[in-house]
Amino acid sequence: LCINNNMASNGLSYDGCNFFRQRLVLSTLSGKHVKIKNIRSKDDNPGLRDFEASFVRLLDKVTNGSRIEINQTGTMLFYQPGLLYGGSVEHDCNLQRSIGYYLEALLMLAPFMKTPLKATLRGVTNDPTDPTVDLLKSTALPLMKRFGIDGEGFDLKVVKRGMAPGGGGEVVFTCPVCRTMRPVQLTDPGKIKRIRGVAYSVRVSPQMGNRIVESARGVLNQFLPDIYIYTDHMKGANSGKSPGFGLTLVAETLDGCFLSAEMSSTPQGQGDSVLPEDLGRNCAKLLLQEVYRGGCVDSSNQSLALLLMTLGQQDVSKVLLGPLSPYTIEFLRHIRDFFQVMFKIKVQKPSEDERKGGEKVLMTCVGVGYSNINKTVK
């Protein structure tokens, strides 16, 4: 990373460290350079955090010819994106955030690489703040398949689990390149037909998994019979460096939409410890809450769906979402900045007798007809 003081003047400019990933990802896809000023400038410890610097390094690995400039205090970053190259990439993620933090951005970039991406990420696979690898595997990948991103090499494998704070997990994400996005019409999620889940435990008694499953089923069995929760207990070298357990639940609808919820135990040495029974029960309630919010995409994947709609062919895409999360609302503003795309937002209130949960938002937009210019021409 070269450091200099005369940063370029054109392109987009932002203040502060919020929504750091959104800005860099959209900058990479749109090819517009971006300048972020006053990153924690009033903080006792100013500038980029280690996990953000690690994220910038990962972007540098998957692109070719990106120019990144950071001033001496780390409070200003200039990023001029290069071509998305892809290929085989290995990255040790910073342990302050889980692999999910890095993976969410890679999911947005991977289909538009020049060569198919094979990324090996090491670090924390499951922690309470970021979406875990299990969640992204069971909700984000099926969502991307709806947009035509598919192929034999489209996969996400958990090789080793690593809980916070020690990490030690390893994940392999492979994704084929895609020429264009299919426009989609996801307006009716349909009824929930089954619930699947994974209760994982590492460096604790294998019994923990069974206790989680039992308490989660205690809540969910009242609603539907088709429930299957696997227990995943990794031993030895594959179990990372810290003890912990957690649960990921996914509800699948008749139309193939996935709604999910998850919880992880508090990292060793931080805060109060959680009982597996409470964790299972609370996670089941979170899932029911997510089902009530509804929509065709769950709240953790709203921004991914909106991005793929924006990049679709020049045709109308519609997706029904639950209430928009603050993160998604900011993402819509950024899409307007980078791609000049505005969404039509229509609020739908379900009638009392329908039992369709909370109010939904129908998002409509016309794609920009983004085509993958990096892709190798055969």
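Domain bounds here come from an automatic or database domain assignment. I looked up that assignment for the chain and found domain 1 (1-83) and domain 2 (192-293). The centres of domain 1 and domain 2, taken over C-alpha atoms, are separated by 36 Å.

Notes on the source. I am working from a predicted model, in which local features need pLDDT of at least 70 and side-chain atom pairs count only at pLDDT 80 or more, while totals for chains, interfaces and linings use all residues. Residues are numbered from 1 along each chain as its sequence is written, and side-chain values use heavy atoms, with hydrogens and water left out.

Entry: the four-stranded sheet. I took helices (H or I, at least four residues) and strands (E, at least two) as DSSP runs, numbered from the N terminus. Two strands pair if DSSP finds at least two bridges between them. I found an open sheet of four strands with mixed pairing, in the order E13-E12-E14-E15. Strand E13 (227-234) and strand E15 (258-264) each have a single partner strand, so one side of each lacks a neighbour in the sheet. The twist from one strand to the next averages 15°; axes are lines fitted to C-alpha atoms, for helices over the stretch in contact, and angles run from 0 to 180 degrees between N-to-C directions.

I then looked at one pair. E12 (residues 192-202) and E13 pair in the parallel sense over eight bridges, and Val-202 has Met-234 in E13 as its bridge partner.

Entry: helices on the sheet. I counted contact as heavy atoms within 4.5 Å. Helix H6 (residues 276-293) lies across E12, E14 and E15 and runs at about 155° to E15.

Entry: H4 and H7. I found that the axes of H4 and helix H7 (residues 302-310) come within 10 Å and cross at roughly 15°. That makes H4 roughly parallel to H7, the label for angles under 35 degrees. Ala-140, Leu-143 and Met-144 in H4 meet Leu-304, Ala-305 and Leu-308 in H7.

Entry: strands around E5. Strand E2 (residues 34-37) runs antiparallel to strand E5 (residues 77-80), joined by three bridges, and Ile-36 has Leu-77 in E5 as its bridge partner. Strand E4 (residues 67-70) is also antiparallel to E5, with four bridges. Ile-68 stands opposite Tyr-79 in E5. I checked the hairpin of E4 and E5, which has six residues between the strands, and noted that Gly-74 takes a positive phi near 80° there.

Definitions and conventions:
Parallel < 35°, antiparallel > 145°, perpendicular 65-115°, else oblique.
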